[in-house]
Amino acid sequence: MMITKEYEGERLFWYQFLRTKFQIIINNNEEVKYVTDGQILRLDHNKEPQKPPEILNNLEQIKYLQWHGQYGQNLKKVGKWKASWKGQILKNAGEQFRQEMFFEV
């Protein structure tokens, strides 16, 4: 099932944020496309299709921000995750995730 919704987000223009309309196309709750003026700005894959995907509304982040890291058991983020902006890794920006281990007694 494919769902298309229109959103209003923000984009940076001459040091101020302007309201801008864009579309989000969600395909089977697995793939999320951000589209404006017929151009795909970003394509994300929802790692947990049983949950609704996280929706971004800042067009600058949609176009330029990416997170890099690994997923562990149950598709949980583990280890060091880094952020990049326009393909450049950001210094002092990232998170450390650890996976809790549960054992049955």
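Visitor: Which residues make up the largest nonpolar core here?

Guide: This is a predicted model, where local features need pLDDT of at least 70, side-chain atom pairs count only at pLDDT 80 or more, and totals for chains, interfaces and linings use all residues. Residues are numbered from 1 along each chain as its sequence is written, and side-chain values use heavy atoms, leaving out hydrogens and water. A nonpolar core is a set of buried Ala, Val, Leu, Ile, Met, Phe, Trp, Tyr and Cys residues joined through side-chain atoms within 4.5 Å, buried being under 20% relative accessible area, exposed over 50% and partly exposed in between (1.4 Å probe, protein chains only). The nine residues are Phe 22, Ile 24, Ile 26, Val 32, Tyr 34, Leu 41, Leu 56, Leu 59 and Ile 62.

Visitor: And which element gives the largest share of this core?

Guide: Helices (H or I, at least four residues) and strands (E, at least two) are DSSP runs, numbered from the N terminus. S2 (16-27), S3 (31-36) and helix H1 (59-64) each supply at least two core residues. The largest share, three residues, comes from strand S2.

Visitor: How many salt bridges are there?

Guide: The rule wants a side-chain nitrogen of Lys or Arg within 4 Å of a carboxyl oxygen of Asp or Glu. Glu 6 pairs with Lys 21 at 4.0 Å, N to O, and Arg 19 with Glu 8 at 3.0 Å. Arg 42 and Asp 44 have their closest N and O atoms 2.9 Å apart. The count is three.

Visitor: Is Arg 42 buried or exposed?

Guide: Arg 42 has a relative accessible area of 10%, so Arg 42 counts as buried.
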